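Reader: Could you take me through this one before I set anything up? I'd like to ask as we go.

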Amino acid sequence: MAGVGRKPQRIVEAAVVDGIGPVTAHDLVAMPEDSWGLLRDRITDHRQGNEGLVARCLACDGSVYIRTARRRGVSLPLFAHYSGSDPSCPWYHGRNTVPDDARAAQYQGRQESDFHRLMCEQVAALVALDPRHVRHTVAEYLPPTETAHGRFPDVYVEWEGFGAFAVEFQMSSTFQTEISARCKHYEREGVPLLWILFGIDTKAQVQQSFIDVIRRHRGNAFVLDPLAVEASKEQRTLVLNCYLRSGDGFDPPKLVRFDELTIPRSKLPYHEDRIVTPLLAEIERRRRPWFSDLAKWDHSAPLHGLERPQSLLVAAAFSIVAAANGKERNYASGHPNIRAMLNTYLHAGTFGGYTDLLTRLIGNTAMAGLLKAKVGEHLHRHRSEAQADERSQEWSMLRHLLPEALDPVVREELRYLDALPAWASPE
Ligand SMILES: [Zn+2]
């Protein structure tokens, strides 16, 4: 076998992701963890035959996924070819672990499987305390209603008035592909799925397999520790201890009742959304000073030190967003509405180099209808040869300020989490 004198591994320098476009290895590392993490989940989902995303190596067009590598205790994302890719690709890095070999290794964890059985029995005993309990099964085959294959949920429960739900234990060695397959299965079946983490140490660096599950639960880590067992017995229902992600760590845990969790479309319940809420709050924070300066702007002084055409561009962009939000307000001129404002600046040539940018912005908002009207005609007619493109300062700035409309990764993330604001959704 090879393995002596390993060659330095080549990395996939760039990939094309469906609906997002090219993403370089550098872009990927620069993304917030939730962003690349969601891409990672969704690429795996697709590979497993579910709805998701496809990413292809820019060199050989072979399918790639996002793997993680530890560097100084931090997980970094990188693209890697799936096994069976073209070995002549200049970015090919050698054979991947075959999932079946890996799964066999996983099942050698005998000790872990004994604990696993005990934990399942524990959950079964607790759910049976609830007066709504109709029936439950432990590790029994559950025939599908919607799909070709059933599953063996760790614990499957039916409660009167609440319906069915499934509990799976996430062990340290559970694979991402397995997590993806189970999540998507229960989503299709319309059965809420709760992953209970087993063996998580929230004070230490949390393993990637746990991080993946926690993200799917919107930053909530559920454990069944002695406190949760005690509370379950007291309240005669399933109570979990829930660690909420906060920055790089976790807040102290809270006891939460299973029947009070929010169940989103993905059917992966959460107590508090620690992904979308902080993301939208952070974006709002970026925008706030601009909105307040625009509110008192005289349409001529440099805005935040910008030249006049750039200042007007920002004012026009924020006006489009305000209108898309149902609170029409023209920050860029004295015109009574944004149509007149845009048509005037287009006609005067002020926005000639920004027509591509404005077209993209408008097209990704509830004001998309403007493109089919006079404004669309003017954008076409007054387009200059020289355009501010996606690498330009103007585009970067507006992408940073209005990511819901201009950052494809953020848009995809919000859409996936059912959280793309109405203003950033074309009718
Ligand atoms: Zn390749």
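Author: Let me begin with a term: a residue is called buried when its relative accessible area is under 20%, exposed when that area is over 50%, and partly exposed in between. Please also keep in mind that this is a predicted model.

Reader: Fine. With that cut-off, is Ser 180 buried or exposed?

Author: Ser 180 has a relative accessible area of 0%, so it counts as buried. It sits in helix H5, which covers residues 176-189.

Reader: And what is Ser 180 in contact with, leaving aside neighbours within four places in sequence?

Author: With those neighbours set aside, Ser 180 is in contact with Thr 44, Asp 45, Gln 48, Asn 50 and Arg 216. Asp 45 turns up again elsewhere, as one of the H2 residues that make the contact with H15.

Reader: Let's follow that. How do the axes of H2 and H15 cross?

Author: The axes of helix H2, residues 33-47, and H15 come within 10 Å of each other and cross at roughly 65°, and the crossing is left-handed. From H2 the contact uses Asp 34, Ser 35, Leu 38, Arg 42 and Asp 45, while H15 supplies Val 409, Glu 412, Glu 413 and Tyr 416.

Reader: How do the residues of that contact divide into nonpolar, polar and charged?

Author: Three residues of the contact of H2 with H15 are nonpolar, one is polar and five are charged.

Reader: Stepping back a bit, how many helices and strands are there in the protein?

Author: The protein has 15 helices and 13 strands. Its C-alpha trace spans about 75 × 60 × 40 Å along the principal axes, and 51% of the 427 residues are buried. Among contacts between residues at least 6 apart in sequence, 60% join residues at least 24 apart.

Reader: Which residues have the most contacts inside the largest nonpolar core?

Author: Those are Leu 342 and Phe 351, in a core of 56 residues. The elements that give two or more residues to this core include helix H8 (276-295), helix H10 (338-347) and helix H12 (374-381), and the largest share, 12 residues, comes from H9.

Reader: What does Leu 342 touch, not counting residues up to four places away?

Author: Not counting those residues, Leu 342 touches Ala 316, Ile 320, Phe 351, Ile 362, Leu 370 and Val 375. There is also a second, separate core, which has 26 residues and includes Val 127, Val 155, Val 167 and Phe 169.

Reader: You listed H12 as well. Which of its residues are buried, and why do they line one face?

Author: The buried residues in H12 are Val 375, Gly 376, His 378 and Leu 379. Seen down the axis of H12, these buried residues fall within an arc of 165°, so they line one face of the helix. On the other side of H12, His 380 and Arg 381 are exposed, and what covers the buried residues includes H10 and H11.

Reader: Last one. How far apart are Ala 80 and Glu 13, in sequence and in space?

Author: Ala 80 and Glu 13 are 67 residues apart in sequence, and their C-alpha atoms are 9.6 Å apart in space. Ala 80 itself belongs to strand S5, residues 74-81, and is buried, with a relative accessible area of 1%.

Key: Residues are numbered from 1 along each chain as its sequence is written. This is a predicted model: local features need pLDDT of at least 70, side-chain atom pairs count only at pLDDT 80 or more; totals for chains, interfaces and linings use all residues. Side-chain values use heavy atoms; hydrogens and water are left out. A nonpolar core is a set of buried Ala, Val, Leu, Ile, Met, Phe, Trp, Tyr and Cys residues joined through side-chain atoms within 4.5 Å. Buried means under 20% relative accessible area, exposed over 50%, partly exposed in between (1.4 Å probe, protein chains only). Helices (H or I, at least four residues) and strands (E, at least two) are DSSP runs, numbered from the N terminus. Contact means heavy atoms within 4.5 Å. Axes are lines fitted to C-alpha atoms, for helices over the stretch in contact, and angles run from 0 to 180 degrees between N-to-C directions. A crossing is left-handed if the near helix is turned anticlockwise from the far one by less than a right angle, and right-handed if clockwise. Ala, Val, Leu, Ile, Met, Phe, Trp, Tyr, Cys and Pro count as nonpolar, Asp, Glu, Lys and Arg as charged, and the others, Gly among them, as polar. The arc is that of the directions from the helix axis to the C-beta atoms.
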